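Please consider them alongside the sequence and the coordinates.

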Amino acid sequence: MTQYGFYYDATRCTGCHTCEAACRDYHGLSLKMAFRRVYEVEGGLWSQASDGTWITDSYAYYTSISCQHCDNPACTQVCPTGAMHKGENGIVSVEEKRCIGCGYCALACPYKAPRVDREVGHSVKCDGCASRMAAGELPICVEACSMRCIEFGSIDELPRGTRAAVAPLPDPSVTQPNLYINECAAAQPFGSLDCRIANAAEVD
Amino acid sequence: MSDSVNTLTRRAFVKAAGALGVVGAAASAGMVVDRVPKAHAAAPAEGAERIVWSHCHVNCGGACPLKFHMRGDEIVYVETEGAGASAAAKERAFGATQARACLRGRSIKHFIESDNRLDYPLRRVAGTKRGEGKYERISWDEALDIIASEFTRITKTYGNEAVFIQECSGVEQNIMMNNPFFRLFNLCGGVVTRYGSYSSAAISFGAYPYTYGKSWGNRSLKTIQEGELVVFFGYAPNDMRMSGDGAGYDINVAREQKHARVIVIDPRRSELCTNQDVEWIPIVPCTDAALVAGIAHVLIAEDLVDHDFLDTYCVGFDEKTLPEDAKGQNLSYTDYIMGTGYDKIEKTPAWAAAITRVPEERIVRLAHEIADAKPCYICQGLGPQRHTNGDNTARAIMVLPQLVGQVGRPGTTSGGSVGNSGIGLKSLPTGTNPIKTKFPNYLWPEVIRDGAKLTATNAGIKGADALKVGIKMLVNYGNNMIANQNGDINTTTDIVRDESLCEFILAYDVQMTDSCKYADIILPDLTPQETVSLSAAGEGCDVKGIRFGQPICEPKGERREVYEVCGELARRLGVYDEYSNGGMTREDWCRKLYEEMREKNAGMNLPAYDEGVAQGSFSFDIEPSDKVDDFILDPKANPLPTATGKIQIYSPELAAMAKTWKLGQGDLITPVPVYFPGYDGPDDVTDEYPLMICDYHYKGTVHSTYAVNPAVNEMTPFQVLINPIDAEKYGISDLDKVSLTSAQGEIRTQARVTNRVIPGVLMYPQGGWHSADMDGDRIDHGGCSNTLTSRHCCPVSKGTGQHSVIGRIKKVEA
């Protein structure tokens with residue numbers, strides 16, 4: 001089976017949130033809802049020398065993620081109705097009529113990709129812009145990125161980075177995400193306790 | 001995100017919609033309303049989707065094409081240049097030019113469809129004060145009659161010099177801008193005008209003229225060569241020039257494809273220094289000139305300067321190139337740096353370290369890195385020059401590349417701005433203004449208040465020794481200056497509220513800004529996306545391109561665009577035929593100006609106007625010039641337009657001005673660019689105001705226009721950046737609600753405890769919409785940075801000093 005997924009060149013990303021804005025706009029999402037989110041991570045310390053000057057080893061970096069369309073998705077395994085399923089091209093999506101909006105998928109996914117939209121009464125998530133794919137177009141986030149950070153397609157044909165192993169993302173061995181990252185210099189390994197999500201209020 | 005938030009949002013929406021219906025009914029019955037009445041409920045989305053091309057432009061430096069997917073009158077979503085399956089892979093590739101819109105353009109639906117839009121002409125209710133915000137709906141005819149008669153009355157009583165049209169940052173990039181007002185009033189005797197802008201007054205009027213005689217030697221980031229060292233002083237292109245054809249993209253390409261090594265000197269870790277492996281050197285705001293002096297000391301002491309360059313092209317590096325009348329007095333730059341002239345202090349790296357808080361070792365190493373780099377690209381953003389010492393700071397940074405001969409050649413820029421070129425699209429012609437008197441843009445409130453007291457030597461008046469009269473009629477079109485973007489809102493609005501000073505204020509905008517609430521008449525504008533529009537590719541982008549724009553829908557309410565409205569005024573003032581050039585429409589002008597540009601670029605095979613409209617936009621990359629500048633090739637044959645014909649490290653003009661100009665507290669004019677901290681600079685912090693507060697252009701909004709867009713505020717909320725060391729000292733936790741206070745006023749905002757700012761400094765995004773009880777406590781709950789800024793400006797250019805503020809932070813109860 002062909003498996004579709006994302007490649008993300010973190011060395012080009014400037015944390016502009018355009019991918020997220022375009023996704024929300026295209027999918028007509030409410031402002032509190034997002035299929036793609038941009039995490040900001042920071043760490044390091046500041047110290048003052050005896051002459052009053054400042055020294056710092058601090059860093060900050062962004063990671064843009066949506067659904068990773070995992071090989072071993074947590075969301076499909078907990079779905080009581082089978083609405084959350086892995087379909088053609090390996091894309092994980094919601095069969096809306098079968099979804100009862102129980103929210104197990106949202107709780108189970110370590111990437112917080114599926115979310116329950118109470119307005120429509122079911123789970124919602126990135127489907128790789130299925131309607132655009134059907135028209136031979138790329139997902140809206142890919143076309144939106146002014147820095148050309150994001151690529152989408154058959155995982156065998158995408159550039160090969162590291163399989164999503166940077167903080168604040170979880171251990172990739174758990175769900176085997178189809179997100180490959182060209183890591184930036186400031187990136188910290190997944191599970192690192194030396195850094196923190198700096199914009200938690202905006203992404204959660 | 002919790003599910004309850006969504007439910008709440010929906011309920012809140014229904015409630016708000018109901019409330020608006022009530023207000024609308026009240027308005028139609030002629031009652032007084034606090035809010036703008038709404039004419040229209042959202043039309044149900046019906047019918048097939050249609051595509052309309054327009055573009056986004058809010059003076060960010062870009063102008064990104066927007067491909068609107070419309071259904072009925074409703075925006076379904078937007079795409080941008082290069083959208084769709086037809087775009088070739090090579091056009092999509094990293095390094096190719098596509099003007100892709102950023103989060104601001106992609107969120108424009110929420111701006112255009114905002115409930116805060118103006119729909120009808122409004123008149124301030126008789127008996128209420130400016131700033132109270134009480135307005136009643138009137139007809140267009142009534143509004144236009146009042147404006148025409150007030151213009152006639154005021155020009156008869158005080159002369160045309162009493163009329164002023166403010167800059168229109170919000171719509172500055174399309175061919176119309178506020179030019180219809182200039183075109184109209186120039187046919188009726190003219191108006192007093194301004195020079196300089198909030199953006200670049202100090203570098204444009206306090207640095208370039210005295211250094212290069214003009215803006216000279218600026219090359220874009222595309223000139224960066226393989227492996228080159230790039231040094232940015234306060235330049236943050238990835239925070240505002242974020243389009244796919246912009247400077248932020250260019251530096252990213254240069255870094256990856258040319259292996260450029262980039263160093264950024266800034267009080268804040270800008271977006272360029274996040275994922276990009278770009279070194280950030282944190283610095284105290286206002287002190288860039290001290291850092292330059294420390295670097296210059298190393299270059300001079302270790303004899304690493306380019307003597308041939310300095311002797312041939314520059315004036316005043318050392319004694320031998322000083323003008324004759326300046327010799328023998330230790331007035332050279334070397335005398336300043338080595339402690340033999342001016343303040344007699346040696347500007348050692350240790351001296352610079354104590355002021356800038358950059359470690360001495362890093363200053364020495366930076367000097368060596370710059371000395372070794374050939375070529376070396378050194379430039380500045382517009383932040384360093386927006387301090388009260390901005391003229392000298394801008395000049396000082398320009399000296400740095402001059403010391404090592406790195407100006408006027410491929411791979412360099414001037415030490416000033418990043419350069420760019422364009423396609424040469426002209427704006428609506430404004431005719432001839434018979435009035436030649438100009439004043440510095442920042443001083444318009446003082447012009448209202450002090451009028452004829454302002455002179456050439458105390459306020460930089462040009463074209464006359466002094467003003468004849470203050471501003472009696474103010475046109476506030478597309479800018480939100482009165483109560484938002486100008487320094488010190490509390491002082492400014494006190495001046496504006498006094499109806500004995502400025503007698504008539506017209507506001508004309510798309511949204512009910514706080515500035516509108518100081519107007520006597522408010523007119524509702526169409527956004528550029530709701531009318532015919534034509535813009536060149538972004539003015540901050542090094543591309544040749546055009547963005548066409550067709551109205552995305554029929555005008556809602558009674559919104560009307562500026563060219564037609566000024567035409568209606570022209571009829572009332574008896575100049576319509578001349579104004580409209582025999583009846584030309586807005587679209588006629590777009591067509592004419594486009595075709596004139598197309599003729600001039602005959603070699604480019606550009607599409608005809610109608611073809612362009614159909615395709616929406618085009619962008620062509622620009623190849624960087626590999627030519628050495630003419631002045632460098634032959635400085636005698638091609639002198640610069642300075643007093644000496646050369647690059648002036650020592651400016652004789654400034655030496656003369658230093659003797660005659662009247663200056664304020666903390667101000668200094670010097671012939672060589674010395675460091676001085678400036679008014680409310682780093683030396684002025686006190687126990688009461690222990691922190692420097694520095695505003696900056698924020699990626700979500702850039703300026704104020706989009707700060708009213710909830711979609712960008714959700715992703716990029718307005719927050720004050722505070723270092724963890726300061727946060728602990730002042731008892732602030734992440735996301736606390738805080739007050740920021742300066743001598744000028746107080747705002748409320750949210751704290752972001754972050755490593756991304758140097759200790760001792762609070763960085764706060766500019767552009768938030770002012771919201772305060774101006775007859776009460778004046779606490780600004782909208783969080784506009786200009787509640788904190790002062791009226792103090794730069795000594796030479798009289799450009800804004802809005803980045804020089806001292807103040808305090810305090811946690812407040814949420």
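1. Where pLDDT is low, the predicted coordinates should not be read in detail.

2. Chain B as a whole has a mean pLDDT of 93, with 94% of its residues at 70 or more. The model scores are ipTM 0.97 and pTM 0.94.

3. On conventions, this is a predicted model, in which local features need pLDDT of at least 70 and side-chain atom pairs count only at pLDDT 80 or more, while totals for chains, interfaces and linings use all residues. Residues are numbered from 1 along each chain as its sequence is written, and chains are lettered from A and ligands numbered from 1 in the order in which they are written.

4. Chain A contains six helices and 13 strands; these are DSSP runs numbered from the N terminus, helices being H or I of at least four residues and strands E of at least two. The radius of gyration of chain A, taken over C-alpha atoms, is 18 Å, close to the 17 Å that the globule rule (2.2 Å times the number of residues to the power 0.38) gives for 204 residues, so chain A is as compact as a globular protein of that length. Of these 204 residues, 52% count as buried, that is, with 20 or more other C-beta atoms, placed from the backbone, within 10 Å of their own.

5. Between the chains, 52 residues of chain A are in contact with 57 residues of chain B. H1(A) gives the most to the chain A side, with six residues. That side divides into 24 nonpolar, 13 polar and 15 charged residues, where Ala, Val, Leu, Ile, Met, Phe, Trp, Tyr, Cys and Pro count as nonpolar, Asp, Glu, Lys and Arg as charged, and the others, Gly among them, as polar.

6. An automatic or database domain assignment divides chain B into domain 1 (122–199 + 424–620), domain 2 (213–416 + 629–660) and domain 3 (682–811). In chain B, 23 residues of domain 1 are in contact with 23 residues of domain 3. The largest share of the domain 1 side, four residues, comes from H19(B).

Notes. Two residues are in contact if their C-beta atoms, placed from the backbone, lie within 7 Å. A residue is buried if 20 or more other C-beta atoms lie within 10 Å of its own, exposed if 12 or fewer, and partly exposed in between; C-beta atoms are placed from the backbone. pLDDT is the predictor's confidence in each residue, from 0 to 100.
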